[in-house]
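Subject: Structure handover

Hello,

Here is the structure I said I would pass on. My notes on what turned up in it follow below.

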Amino acid sequence: MARKVTTQHKVIVTAIAWTLGILIFFPILWTFLTSFKSEADAIASPPQFLFFHWTMENYTEVQSRSNYLSHFMNSVIISFGSTLIGLIIAIPAAWAMAFSPTKRTKDVLMWMLSTKMMPPVGALIPIYLMFRNSGLLDTRIGLVIVLTLINLPIIVWMLYTYFKEIPGEILEAARMDGASLMKEIVYVLTPMAVPGIASTLLLNIILAWNEAFWTLNLTASKAAPLTAFIASYSSPEGLFYAKLSAASTMAIAPILILGWFSQKQLVRGLTFGAVK
């Protein structure tokens, strides 16, 4: 029998959940508020939370100093492009591991996951030299390639988890009806795994959008995404907190909105398979 949950227990759990939510969201809120402060108010002690002179000066300054739209388009192309290419590669790979496993399949999956444990700086110099020699430095294509390879293990793992939940008998029935391997993947497997593919796509767009290490080291100006846009306001002349907060708010706003409207799919993608 299910244990009865008392009203007091619900109140306590709700209070804890709200407290944790506020603590996690507070840095974003503080950045948003700081973006409307003057530089003097941004470094005031004690800090001013709501009662300060609100100004749009920082946003005006950021717009005049930087081409936000160009950085935004670079982020969109790089994040969506790397995710879509990753899906094209990962769907057949996850199908093979889920429905035609070998005795080495688990080893391959663990090896793929272990590549995410390596510090990125360990591979920076060889990748930088390869990009320099091949003319891929400061190009969108170069960043799409490197972010595809970085996030590919996560895409394969998530799709593999989804595909394992699909009964293999359905695919066998499609084969008996004369479906080729390509038709089996495109017309049978993919439509059944749409929720999993959607959550995988959304999560990896967010990961690619927030990637800073590779975008800062492999770009200069032409292909610089919004992470470089934020970093440009930390300079030897000083750290301008108000302007940096305005740039950060403009950079994270699109992905926050995307995450807000797709939160159900994201939660489903992160928890799928955890509870049977």
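A residue is called buried here when its relative accessible area is under 20%, exposed when it is over 50%, and partly exposed in between. Please keep in mind that this is a predicted model.

With that cut-off, Phe 36 counts as buried, because its relative accessible area is 13%. Trp 54, at 40%, is partly exposed. The rings of these two residues, Phe 36 and Trp 54, form a tilted aromatic pair, with 5.5 Å from centre to centre and 40° between the planes. Phe 36 sits in the loop between H1 and helix H2 (39-42), while Trp 54 lies in the loop between H2 and helix H3 (57-65), so the pair links distant parts of the chain, 18 residues apart.

Trp 54 has another ring partner in Phe 52: the centres are 4.8 Å apart and the planes are at 15°, so this pair is stacked. Phe 52 is buried, with a relative accessibility of 10%. Ring pairs join Phe 32, Phe 36, Phe 52, Trp 54 and Tyr 59 into a cluster. The count of aromatic pairs in the model comes to twelve.

Next, the nonpolar cores. The largest one has 25 residues, and Trp 95, Phe 99, Val 156, Leu 159, Phe 163 and Leu 189 have the most contacts inside it. Two or more residues each come from helix H4 (68-99), helix H5 (105-114), helix H7 (140-164), helix H8 (168-176) and helix H9 (181-192). H4 gives the largest share of this core, with eight residues.

Leaving aside residues up to four places away in sequence, Leu 159 touches Leu 87, Ala 90, Ile 91, Ala 94, Gly 196, Ile 197 and Thr 200. There is also a second, separate core of 17 residues, which includes Phe 36, Tyr 59, Tyr 233 and Ala 246. Phe 36 and Tyr 59 are also members of the ring cluster described above.

Last, the surface. Which residues make the nonpolar patch of about 520 Å²? They are Ile 12, Ile 16, Leu 20, Leu 23 and Ile 24. Ile 12 belongs to helix H1 (residues 7-34). Its relative accessible area is 44%, so Ile 12 is partly exposed.

Regards

Notes
Residues are numbered from 1 along each chain as its sequence is written. This is a predicted model: local features need pLDDT of at least 70, side-chain atom pairs count only at pLDDT 80 or more; totals for chains, interfaces and linings use all residues. Side-chain values use heavy atoms; hydrogens and water are left out. Patches are made of residues with over 30% relative accessible area and no salt bridge: like charges are joined within 9 Å, nonpolar side chains (Val, Leu, Ile, Met, Phe, Trp, Tyr) within 5 Å. Accessible areas come from the Shrake-Rupley method with a 1.4 Å probe; for residues, only the protein chains shown count as cover. A salt bridge is a side-chain nitrogen of Lys or Arg within 4 Å of a carboxyl oxygen of Asp or Glu. Helices (H or I, at least four residues) and strands (E, at least two) are DSSP runs, numbered from the N terminus. Buried means under 20% relative accessible area, exposed over 50%, partly exposed in between (1.4 Å probe, protein chains only). A nonpolar core is a set of buried Ala, Val, Leu, Ile, Met, Phe, Trp, Tyr and Cys residues joined through side-chain atoms within 4.5 Å. Contact means heavy atoms within 4.5 Å. Rings of Phe, Tyr and Trp (its six-membered ring) pair if their centres lie within 6.5 Å; planes under 30 degrees apart count as stacked, over 60 as edge-to-face and the rest as tilted.
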